[in-house]
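I opened the model to look up a few residues, helices and voids. My notes are set down in the order I took them.

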Amino acid sequence: MIDNKKVLFSGMQATGDLTLGNYLGALKNWVTLCDEYECFYSVVDMHSITVRQDPAELRKRARNLLTLYIAAGLDPEKNCLYYQSHVSAHAELAWILNCYAYMGELNRMTQFKDKASKHTENINTGLYTYPVLMAADILLYQADVVPVGKDQMQHLELCRDVAQRFNGIYGEVFTIPEGYLGKIGAKIMSLQEPEKKMSKSDENTNASIYLMDDPDTIMRKCKRAVTDSKACVSYEEDQPGIRNLLDIYCACTDKSTQEAVLEFEGKGYGDFKSAVGESVISVLLPIQTRFKELSTDKAYIDQIIKANAEKANYYAQKTLRKVQKKVGFPERIR
Ligand code: TYM
């Protein structure tokens with residue numbers, strides 16, 4: 001608890017261009033939860049280097065992501081928006097937690113298996129212990145709730161297991177976090193292969209809508225989305241493409257699936273896809289406009305980066321000191 005409010009932590013990687021999946025699965029929910037909780041939203045640049053990055057490009061993307069957090073509606077006066085690499089406690093706690101996480105647990109992580117198969121030339125230990133760093137991110141702030149998309153739930157489970165194990169040995173050190181999945185949009189699928197999740201790293205750019213896509217591109221991608229030959233807008237197992245477009249439409253308009261299905265009863269896929277495109281444009285365009293305005297104000301963003309890193313450091317250090325004491329590190333002499 002901070003000032004009688006429960007704590008929320010989440011983060012996003014600054015690699016690749018953010019997709020509509022990142023927005024609907026995570027960022028959109030962050031904005032709705034930010035009044036209820038004391039929130040920490042990190043740009044997790046330390047996670048990003050588990051895959052080779054161009055340094056200048058990573059720096060630029062990290063700054064753009066932080067700016068995008070604000071553009072999407074997170075007030076930097078109320079929410080702590082910061083770079084993970086500006087708070088060294090993340091790395092320090094991750095090391096300690098590495099000594100309490102089992103290889104057997106990490107071996108089961110599907111994201112590791114998936115990434116390792118894609119980056120066979122660079123299966124580094126960072127990629128392997130990535131979920132432990134993620135656990136450190138969350139536990140450092142004693143987070144009660146962690147809003148993520150479905151693909152991160154396995155990592156969150158690991159975080160809970162490690163925290164419970166640690167508490168079992170040393171007493172109530174960590175708050176055990178709960179995951180938070182949005183009702184709709186927790187797993188947005190590829191527009192071209194709707195059995196696969198929409199991903200920043202998809203080589204087929206038609207498979208993903210990027211947050212910075214212009215309206216024509218968004219509409220074109222929606223119109224080209226793979227569907228089926230049933231010619232009926234319904235939420236059925238055997239219509240993964242239509243289901244995904246319905247999820248996108250509902251998440252963008254805040255309508256229920258039932259309402260949306262009724263709305264498109266008797267209408268063709270062409271009309272439906274246009275409506276989906278319009279709904280996405282109406283959500284993304286204001287964010288893009290705000291992003292462009294904010295990007296020109298260097299001093300404002302710099303000041304947020306500095307002030308929020310200080311705030312994050314303050315809370316992170318509190319937990320880290322407690323953990324260091326529990327595991328038996330000598331006290332500092334002042
Ligand atoms: P990342 O950067 O891959 O994704 C950021 C968020 O977007 C969600 N997401 C999706 N949601 C719905 N449909 C999709 N197609 C889709 N694709 C991505 C992700 O679930 C995530 O919530 N390891 C994390 C970042 C991280 C983190 C943390 C998150 C590091 N430390 C601590 C929470 C708490 C990641 O790589 O997310």
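The entries below go through cysteines, a strand residue, helices, loops, and then the pocket and cavities.

Entry 1: I am working from a predicted model.

**Entry 2: cysteines.** I began with disulfides. A disulfide is a covalent bond between the sulfur atoms of two cysteines. How many disulfides does the count come to? I get 0 disulfides. I then looked at Cys34, whose closest cysteine sulfur is in Cys39 at 5.8 Å. That is too far for a bond, because the cut-off for a pair of sulfur atoms is 2.5 Å. Cys34 is buried at a relative accessible area of 10%, and Cys39 is buried at 0%.

**Entry 3: Tyr41.** I placed Tyr41 in strand S2, residues 38-43. Is Tyr41 buried or exposed? Tyr41 is buried, and I note a relative accessible area of 0%. I listed the contacts of Tyr41, leaving out residues up to four places away in sequence; among them are Leu8, Ser10, Trp30 and Cys34. Further along the chain, Tyr41 touches residues including Tyr69, Leu74, Asn79, Cys80, Leu81 and Tyr82. I also took a distance from Tyr41 to Pro76: the two are 35 residues apart along the chain, and their C-alpha atoms are separated by 9.8 Å.

**Entry 4: Ser190.** I found Ser190 in the loop between strand S5 (178-180) and helix H9 (215-223). Ser190 is a loop residue, yet it is buried, with 1% relative accessible area. Where does the side chain of Ser190 reach? I traced it to the backbone nitrogen of Gln192, at 3.0 Å. Leaving out residues up to four places away in sequence, I have Ser190 touching Lys196, Lys197, Met198, Asp202, Ala207 and Asn244.

**Entry 5: helix H9.** I checked how H9 starts. Asp214 caps its N-terminal end, with a side-chain oxygen 3.1 Å from the backbone nitrogen of Asp216. In H9 I list Thr217, Ile218, Met219, Lys221 and Cys222 as the buried residues. The cover over these residues includes H12.

**Entry 6: helix H10.** H10 covers residues 240-253, which is 14 residues. From first C-alpha to last I read 20 Å, close to the 20 Å expected at 1.5 Å a residue. Why do I call H10 largely enclosed by the rest of the structure? I do so because 11 of its 14 residues are buried. Among the buried residues of H10 are Gly241, Asn244, Tyr249, Cys250 and Cys252.

**Entry 7: positive phi.** Most residues other than glycine have a negative phi, and most peptide bonds are trans. I noted Asp254, which follows H10 and has a positive phi of about 60° although it is not a glycine. Asp254 lies in the loop between H10 and H11 and is exposed at 62% relative accessibility. I noted Ala231 as well, with a positive phi near 55°. Ala231 is in the loop between H9 and H10, and its relative accessible area of 61% makes it exposed.

**Entry 8: Lys306.** I located Lys306 in helix H13, residues 298-327. Lys306 is exposed, at 58% relative accessibility. From Lys306 to Gln324, 18 residues apart along the chain, I get a C-alpha separation of 26 Å.

**Entry 9: largest pocket.** I put the volume of the largest pocket at about 1,400 Å³. Which residues lie nearest its centre? Of the 49 lining residues, I note Gln111, Asp151, Gln152, Lys197 and Lys200 there. Elements giving two or more residues to the lining include strand S1 (7-12), H1, helix H6 (110-118) and helix H7 (125-140).

**Entry 10: cavities.** I count 2 cavities of 30 Å³ or more. The largest cavity has a volume of about 40 Å³. I list its lining as Gln111, Phe112, Lys115, Leu127, Tyr130, Pro131 and His155. H6 and H7 are the elements that give two or more residues to this lining. Gln111 lines the largest cavity and is also one of the residues nearest the centre of the largest pocket.

Technical notes:
Residues are numbered from 1 along each chain as its sequence is written. This is a predicted model: local features need pLDDT of at least 70, side-chain atom pairs count only at pLDDT 80 or more; totals for chains, interfaces and linings use all residues. Side-chain values use heavy atoms; hydrogens and water are left out. Helices (H or I, at least four residues) and strands (E, at least two) are DSSP runs, numbered from the N terminus. Buried means under 20% relative accessible area, exposed over 50%, partly exposed in between (1.4 Å probe, protein chains only). A polar contact is a pair of N or O atoms within 3.5 Å; within protein, one must be able to donate a hydrogen and the other to accept it, and residues adjacent in sequence count only if both atoms are side-chain atoms. Contact means heavy atoms within 4.5 Å. The expected span of a helix is 1.5 Å times one less than its number of residues. On a 1 Å grid over the protein atoms alone, a cavity is a set of points where a 1.4 Å probe fits but cannot get out, and a pocket is an open set with protein on both sides within 12 Å along at least five of seven lines; lining residues have an atom within 4 Å of a point. Grid points are joined across faces, edges and corners, and a volume is the space filled by probe spheres set on the points.
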